[in-house]
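Please read the notes below alongside the model.

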Amino acid sequence: MKTLSLLMNSNTKVMKKLNILYNKIENFFFKQDNQTEFLSFFRVAIGIVILLQFTAVLPDFNKLFSSSSIIPQDIMGVFTPDWLITFSKIVSFLQTFGIEESTTIVITKVSFITFCVFIIIGLYSRVSALLLLILQIALLKGSSFFAYGADFFTSMSLFYLIIFPADQHFSLRNFIFSRKPDDRNFTPVKRLFQVHISMAYFFSGLDKALGFNWWNGESIWKAIHLPYSNRDLNIDFSWLAEHSYIVSLIGWSTIIIEMCYPFFIWYKPTQKIWLFLTISMHIGIALVLNLYYFSAIMIVWNITNFYFEQPAKKTVFSSKKKISTEYIPKQAG
C-alpha cells in the first residue's frame, strides 16, 4: 500500500508539473495582450518600404523584367520551373489576346503602386497584400538573377500582412465605413512572427560561426570593398589594413548579436539593449554596404516584433477606504 501511495503521489506531482508547463505554453502563444500598435506600424512601414523600393527600380524596369532585359528571358527561364507564373509568362499570355507588352508593363507598374498605397492607408490591406504578393513573386521569380535578400523578405512581409488583419486599426477602411475594430487575439500570429525572426538570426549567426571568414574578419574586409559598397559615404577604410583586430572584432560582434538574438531579445532586462544592437548593426549595413531596403525591412521587423512588447503591469487591488498605517503589521514592511 505504501508503494502504491508513493506512486500515486509521484504521478500527481508529475501531472501538476505538466499542467503548469502546458498553461505556460498556452499563455505564451494564446494569451491576449490587446496591443495593436504593432499592426498599424508594420502595415504602414512595410508599405512605404516596398513602395520606395519599387520606385527606385522603375527607371530600369524594362532592363530587368521586359523582353529587352539585360539577361535574356530565355536564359532566366531555364532556372524557373514550368508551373511557376513569371512576368514573362504573363506578358506572353496577354499577347495572345492582342495586349502588347508595353501595355502590360504600364498596368503592372500602376497596379504595384496602387496596391502599396492601399496597404499604407489601410484600404482592404489583406486583399491588396495578396495581389501584390502574386505580382511581386511573378517579377522576382522571372528575374532571379537580380534578386537578393530584400526581395525575399518583402515576400515574407506581404505574407504576414495577409495573415494579420492589419487594417483593423488606424485605417481608411474603418474611417469610411465607420467600423469598430474587432476584439481579436493577435498573439498566435505575433508569436509566430517573433519565433520566425529569432530563428532567422540564430541560423544566420550559426552559419557565420561555422566558417573562419567571419572570425578573422575576412568577410567584413571583402564586404566593405565590394564594387557596390561604400559608394555614398565613400569612407576610406585603408587604415583597417594596419588594424586588422578591428575587422575581426566587427565579425565577432556580428556573430554574437545574431546567435544570441533568440536568448537576449526574449529576456526582458536585455530586450531593449539587444534591439538597439541589432538595429545599429542594420544601420551600419545600410550606410556602408548601401543595402538600404534590406536594412529597412529588417529594422521594421525588429521594431514590430519587440519594440511594442511591454512587461505585464502588476495590478494591486486596494479597498476604497483608506487604512491607517498603525493597523498594518510591522512584518508587512
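1. Basis. This is a predicted model, in which local features need pLDDT of at least 70 and side-chain atom pairs count only at pLDDT 80 or more, while totals for chains, interfaces and linings use all residues. Residues are numbered from 1 along each chain as its sequence is written, and side-chain values use heavy atoms, with hydrogens and water left out.

2. Main core. A nonpolar core is a set of buried Ala, Val, Leu, Ile, Met, Phe, Trp, Tyr and Cys residues joined through side-chain atoms within 4.5 Å; buried means under 20% relative accessible area, exposed over 50%, and partly exposed in between (1.4 Å probe, protein chains only). The largest nonpolar core has 51 residues, and those touching the most other members are Phe42, Ile46, Phe112, Leu132, Leu158, Leu161 and Trp301. Helix α2 (residues 37-57) supplies the largest share of this core, with nine residues. Helices here are DSSP runs (H or I, at least four residues), numbered from the N terminus.

3. Another core lies apart from the largest one and has seven residues, including Ile224, Phe237, Val288 and Leu289.

4. Leucine 132. Contact means heavy atoms within 4.5 Å. Leaving out residues up to four places away in sequence, leucine 132 touches Ile50, Phe112, Phe115, Cys116, Ile119 and Leu158.

5. Largest pocket. On a 1 Å grid over the protein atoms alone, a pocket is an open set of points with protein on both sides within 12 Å along at least five of seven lines, a cavity is a set where a 1.4 Å probe fits but cannot get out, and lining residues have an atom within 4 Å of a point. Grid points are joined across faces, edges and corners, and a volume is the space filled by probe spheres set on the points. The largest pocket holds about 790 Å³ of space. Its lining has 32 residues, of which Trp214, Thr254, Met281, Ile285 and Leu289 are the closest to the centre. Helix α14 (268-289) is among the elements that supply at least two lining residues, and α14 gives the largest share, eight residues.

6. The lining of the largest pocket divides into 22 nonpolar, eight polar and two charged residues. Ala, Val, Leu, Ile, Met, Phe, Trp, Tyr, Cys and Pro count as nonpolar, Asp, Glu, Lys and Arg as charged, and the others, Gly among them, as polar.

7. Cavity. How many cavities of 30 Å³ or more does the count give? The count comes to one. The largest cavity has about 30 Å³ of space, and its lining consists of Phe65, Gln73, Phe87, Ser88, Ala138, Leu139, Gly142 and Ser143. Elements α5 (87-95) and α7 (125-142) each give two or more of these residues, with α7 giving the most, three. The lining has four nonpolar, four polar and no charged residues.

8. Two serines. Serine 295 lies in helix α15 (residues 292-307) and counts as buried because its relative accessibility is 1%. Beyond its neighbours within four places in sequence, serine 295 is in contact with His282, Ile285 and Ala286. Serine 155, in helix α8 (residues 149-163), is also buried, at 13% relative accessibility. Not counting residues up to four places away in sequence, serine 155 touches Leu133, Gln136, Ile137 and Leu140.

9. Cysteines. With a disulfide taken as a pair of cysteine sulfur atoms within 2.5 Å, the count comes to zero disulfides. Cysteine 116 is buried at a relative accessible area of 1%, whereas cysteine 260 is partly exposed at 23% relative accessibility.
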